[in-house]
Amino acid sequence: MKSSVITFPGSNCDRDMDVALTKFGFKNKMVWHNDQELPKSDLIVLPGGFSYGDYLRCGSMASKSKIMNSVINFAKSGGLVMGICNGFQILVEAGLVPGVLLRNKYLQFICKNVHVKIDNKENTFFKNLDKKVLEFHIAHNEGNYFCTNDQLKEIEDNNQIAIYYCDQNGNTNDQINPNGSIKNIAGILNKEKNVLGMMPHPERMIDESLSGEDGSIFFKNLLNNIK
Amino acid sequence: MKVSAIITLKKDVLDPQGKVIHQALDGMGFNSVNEVRQGKYFEIDVKENDPKKAKDLVEDMCKKLLANLVIENYKIIETQ
């Protein structure tokens with residue numbers, strides 16, 4: 001299976017993502033933001049980081065870069081696209097997933113492990129996963145998911161909420177919400193379920209001695225689903 | 001021709017930075033503040049001498065890049 005990770009100026013999780021994808025069997029290529037064409041890929045990943053120094057709004061400048069036209073076309077034709085953290089912010093700015101990511105409610109940069117509940121397994125990203133709660137890592141300043149009431153109704157009706165922040169038993173409530181996201185939303189899918197944006201970093205949980213292994217579960221399952 | 005635009009957060013969007021600024025003002029003794037909302041201001045010099053066309057151009061920029069219409073409103077405030 002072939003994957004491509006896009007590097008924008010200021011991306012800093014692109015190599016971590018490359019290590020993770022390669023570890024679980026993807027043939028990964030790094031793609032520069034100023035390129036026009038994507039290599040043939042089964043999965044495109046927009047990595048975390050601080051593209052363009054978060055100027056204007058997080059992800060807004062990167063969403064207008066040259067390669068994004070190809071990424072948007074790839075997504076519109078049904079290709080799998082995953083945006084992590086800053087990649088999620090780029091996806092919302094590009095209009096590939098609904099909503100926006102605001103400054104964290106308590107104005108703090110949050111860097112910690114969190115649990116997420118997988119709500120929707122009817123998509124290529126989470127299908128066949130035998131765990132309902134995974135432990136991932138978050139590190140962000142603007143992860144407070146927001147959308148209008150009309151948008152919220154639409155994403156709920158279309159079953160587009162992918163993951164929620166929760167405790168280790170899968171309970172979602174305000175106390176466990178790290179950043180003020182509406183309904184504890186940590187990740188969202190597009191209507192067609194081929195584009196996933198999420199704030200947590202699965203690529204930081206692929207080594208038991210360093211962190212944890214729930215990212216490994218996610219990537220192994222993803223590879224099997226794409227095969 | 002210079003065109004100025006102001007981007008503000010929509011009414012029902014939480015503005016934590018505005019809230020903190022409000023608290024700071026309060027602590028400094030400015031006790032008559034009801035609310036503070038923070039926004040952005042752009043001054044754009046365009047190669048266009050017709051005020052209407054210049055304004056339309058910046059309006060298009062606001063819609064496509066400068067503002068995120070899910071959470072923000074824009075207002076063209078002056079052309080000179």
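In the predicted model described here, 12 residues of chain A are in contact with 9 residues of chain B, contact meaning that the C-beta atoms of two residues, placed from the backbone, lie within 7 Å. On the chain A side, the residues that touch chain B comprise 5 nonpolar, 3 polar and 4 charged; here Ala, Val, Leu, Ile, Met, Phe, Trp, Tyr, Cys and Pro count as nonpolar, Asp, Glu, Lys and Arg as charged, and the others, Gly among them, as polar. Residues are numbered from 1 along each chain as its sequence is written, while chains are lettered from A and ligands numbered from 1 in the order in which they are written. As this is a predicted model, local features need pLDDT of at least 70 and side-chain atom pairs count only at pLDDT 80 or more, whereas totals for chains, interfaces and linings use all residues.

Turning to the fold of chain A, 9 strands make up an open sheet of mixed pairing, in the order β2-β1-β3-β4-β11-β10-β9-β6-β7. Helices (H or I, at least four residues) and strands (E, at least two) are DSSP runs numbered from the N terminus, and two strands pair if DSSP finds at least two bridges between them. The edges are held by β2 (27–32) and β7 (133–140) of chain A; each has a single partner strand, so one side of each is left without a neighbour in the sheet. From one strand to the next, the twist averages 25°. Helix α5 (residues 214–226) of chain A packs on this sheet, touching β3 (43–46), β4 (80–84) and β7 of chain A, and its direction makes about 105° with that of β7(A). Such angles run from 0 to 180 degrees between N-to-C directions, the axes being lines fitted to C-alpha atoms, for helices over the stretch in contact.

Several strand pairs can be followed residue by residue. Strand β6 (residues 110–118) of chain A runs antiparallel to β7(A), joined by 8 bridges, and Val114(A) has Phe136(A) as its bridge partner in β7(A). β6(A) also pairs with β9(A), in the antiparallel sense over 4 bridges, with His115(A) opposite Cys166(A). Strands β10 (residues 185–189) and β11 (residues 195–198) of chain A are antiparallel too, with 3 bridges; there Ile188(A) faces Gly197(A).

How much of helix α3 (residues 86–93) of chain A is buried? All 8 of its 8 residues are, where buried means 20 or more other C-beta atoms within 10 Å of a residue's own, exposed 12 or fewer, and partly exposed in between, with C-beta atoms placed from the backbone. Their cover includes β3, β4, β5 (100–102) and β11 of chain A. Just after the helix, Gly95(A) adopts a positive phi of about 80°.

Leu91(A), Val116(A) and Ala162(A) touch the most other members of the largest nonpolar core, which has 68 residues. A nonpolar core is a set of buried Ala, Val, Leu, Ile, Met, Phe, Trp, Tyr and Cys residues joined through C-beta atoms within 7 Å. Strand β9 (residues 161–166) of chain A gives the largest share, 6 residues. A second, separate core of 8 residues includes Ala54(B), Val58(B), Cys62(B) and Leu66(B).

Finally, two loop residues deserve a glance. Leu107(A), between β5 and β6 of chain A, has a positive phi of about 60° although it is not a glycine; with 11 C-beta neighbours inside 10 Å, Leu107(A) counts as exposed. Asn184(A), in the loop between β9 and β10 of chain A, likewise has a positive phi, about 65°, without being a glycine. Asn184(A) is buried, because 22 other C-beta atoms lie within 10 Å.
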